[in-house]
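User: I would like to go through the labels used for this model one by one. For each, please set the value against the cut-off.

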Amino acid sequence: MTAREPNIDYQNAPEINGLQSDLTSPLRFVSDLGRSLLFTVHPMKVASRIASKVRDGVGAYYCAVAVELDHIGMVSRAFDESGDKTSELFHKGRFKDWLSILPSQVSFSTHFRDEYFFRGGEHQFEFVSPIHIEGEVKGAIIAGFRTEDDCSSADRQLIEAVTQIAAMSLNLSAHYEAALSSSVQQAKDEHRKFTESVLDALPVSLYVIDSDYRIVVWNQHREIGVQGEPRDSVVGRNVFEVLSKYPTNKLRKEFQRAFLTGKIERIEQQTIDKDGVTKHWVVSKIPMRDENGKITHVITIGEDVTARVEAIHAASRVEKLAAVGRLAAGVVHEINNPLATISACAEALEARVDEGTFGNSPDVDDLTQYLGLIRDESFRCKSITNGLLDFSRGRTGNRFPIDIAEVLESSSNLLSHQQRGDDIEIDVQIEGELSLLNADEGQIQQAIIALSTNAIDAMPDGGKLTFRAFEDKKQVAIEITDTGFGIKPDNMSKIFEPFFTTKEVGKGTGLGLAVCYGIITDHGGRLAVRSKIEQGSTFTIYLPIETQDAEKTK
């Protein structure tokens, strides 16, 4: 190799390979090239334009521009004699090796084939002009000629002059491309964050899986609740591994149907959280298609419809209670009169048996037993009709400010004296000073006693009955908690319905909870329940605080 310093004389340079018109002057050539590069901002297009123009300007057989740019990497463009791109003939590996071993700082030439940057065999000479960017050799303009004589001094000066422009243009375009890429990336990041914010703001649980059942999206509502897990810990993982508490086979079939049929599927589900609260969900499986119509992902959306389901159940209960009330108003009195007659006759016959009217007949014992059954069943029927009357009567009652703490203490004493159940511990907890409530004390106590009686019946082997009262925003909450056998999930939506009972025949009318529900509803309150099998149940009465009629006494 021979190296020489560039010595460019633009004013007195000879003609370049017979080029006429505006290319006869190196100065005009460089000027025109510089102006054309002003509107070229992509590094690859800058390299392509320079390589093409230089090849035409000096009549080279091959010409290439190759440069290693920060934030972008290797940029190279090469053209052959016909003006066709010939990047496959440019030896990028050899060029990178040259850059890595202290490349020449000045232009040089070579006619040794093992040093050529072009693989083609149609040339015998290469001229290389290094491109300096920010004080370092980052690339070069390489021109290949058939013979060394084809590369005149003027050609070399022109290549060196163009090299200066190339360095500036490539550097500027690299900065522009880096800034553009940064802006695009920033826009992508902002769009991704905005999309995540939108998904997180939705009042639903949402996640997306791909065709390999890998989670690709997991919104904030999926991070909370019973199945909640942090987004960073689940994205990229197998959905069956993450949702291991769900039946895997059932979940897999749901996803397979979505991928195979492409139809939206909605599934109703019911869950019980760690506190025993029942939640109702509508889960939708929504297939996603690409531009070719292929299903690539499935979106799963879980909507909490507990409030809606409870409202429907509440409306149904009110309707049933109203129907029972209308029934009771029409027939209860007609039923009570014959029941009174039957029970009176039974008692009269029992009195005659006791007086010995029937002597020592062997049937006297059977008669006594039958009369006792008639009397007991008559009174049981009467208790049912009296319960029905509770639905037909108005419950306005005598409402005045009452102290819930006193009502709970009184209810606790009544239950203690009734001696219902064995080994039942009663605990009363009053949290803070409670506001007075405008309510009928007798009706509220009736509801509390009915709920407590059911709680004690749920603890046949003993347990603990807890009364807890506290203020929750603009209402007073009364919790009645037992440690009994709990309520089955299938029965949770039916426990307030009239005549529904899980007790044995003869031990319950199925009206107690329905009456409680009616009393609390008539007071503008709400009755809720949560339960866990073998751990117990909690019934919560919520009663509104009416500050105009019931203020705290100081």
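User: Why does Phe118 count as buried?

Analyst: The model is predicted, so local features need pLDDT of at least 70 and side-chain atom pairs count only at pLDDT 80 or more, while totals for chains, interfaces and linings use all residues. Residues are numbered from 1 along each chain as its sequence is written, and side-chain values use heavy atoms, with hydrogens and water left out. Now Phe118. Buried means under 20% relative accessible area, exposed means over 50%, and partly exposed is in between (1.4 Å probe, protein chains only). Phe118 has 3% relative accessibility, so Phe118 counts as buried.

User: What makes Tyr62 buried?

Analyst: The value for Tyr62 is 5% relative accessibility, so Tyr62 counts as buried.

User: How many aromatic pairs does a search of the whole structure find?

Analyst: The search finds 14 aromatic pairs. Tyr62 and Phe118 form one that is stacked, at 4.9 Å centre to centre and 20 degrees between the planes. The rule: rings of Phe, Tyr and Trp (its six-membered ring) pair if their centres lie within 6.5 Å; planes under 30 degrees apart count as stacked, over 60 as edge-to-face and the rest as tilted. This pair links distant parts of the chain, 56 residues apart. Tyr62 is in strand β2 (residues 62-69), and Phe118 is in the loop between β4 (108-110) and β5 (125-133). Helices (H or I, at least four residues) and strands (E, at least two) are DSSP runs, numbered from the N terminus. Ring pairs also join Tyr62 and Phe118 into a cluster with Tyr61, Phe90, Phe95, Trp98, Phe108 and Phe117.

User: Why is the pair of Tyr207 and Trp218 called tilted?

Analyst: The planes of Tyr207 and Trp218 stand at 40 degrees and the ring centres are 5.6 Å apart, so the pair is tilted. Tyr207 is in strand β7 (residues 205-210) and Trp218 in strand β8 (residues 215-218), eleven residues apart. Both Tyr207 and Trp218 are buried.

User: Which ring does the charged end of Lys285 sit over?

Analyst: The ring of Phe255, with the charge 4.9 Å from its centre. A charge sits over a ring if NZ of Lys or CZ of Arg is within 6 Å of the ring centre and within 35 degrees of the ring normal. Arg252 lies over the face of Tyr213, at 5.7 Å from the ring centre.

User: What does the side chain of Thr40 make a polar contact with?

Analyst: The side chain of Arg49, at 3.4 Å. A polar contact is a pair of N or O atoms within 3.5 Å; within protein, one must be able to donate a hydrogen and the other to accept it, and residues adjacent in sequence count only if both atoms are side-chain atoms. Thr40 is in the loop between α1 (26-37) and α2 (43-58). Its relative accessibility is 12%, so Thr40 counts as buried. Not counting residues up to four places away in sequence, Thr40 touches Lys45, Val46 and Arg49. Contact means heavy atoms within 4.5 Å.

User: Is Ser411 buried or exposed?

Analyst: Ser411 is at 0% relative accessibility, so Ser411 counts as buried. Ser411 is found in helix α10 (residues 404-418). Not counting residues up to four places away in sequence, Ser411 touches Gln445, Ile448 and Ile449.

User: Why does Asp150 count as partly exposed?

Analyst: Asp150 has 34% relative accessibility, so Asp150 counts as partly exposed. Asp150 is in the loop between β6 (136-145) and α4 (153-201).

User: What makes the phi of Leu102 worth a mention?

Analyst: Most residues other than glycine have a negative phi. Leu102 is not a glycine, yet has a positive phi of about 50 degrees. With a relative accessible area of 80%, Leu102 is exposed. Lys473 is not a glycine either, and has a positive phi of about 60 degrees. Lys473 lies in the loop between β15 (463-472) and β16 (475-481). Its relative accessible area is 76%, so Lys473 is exposed.
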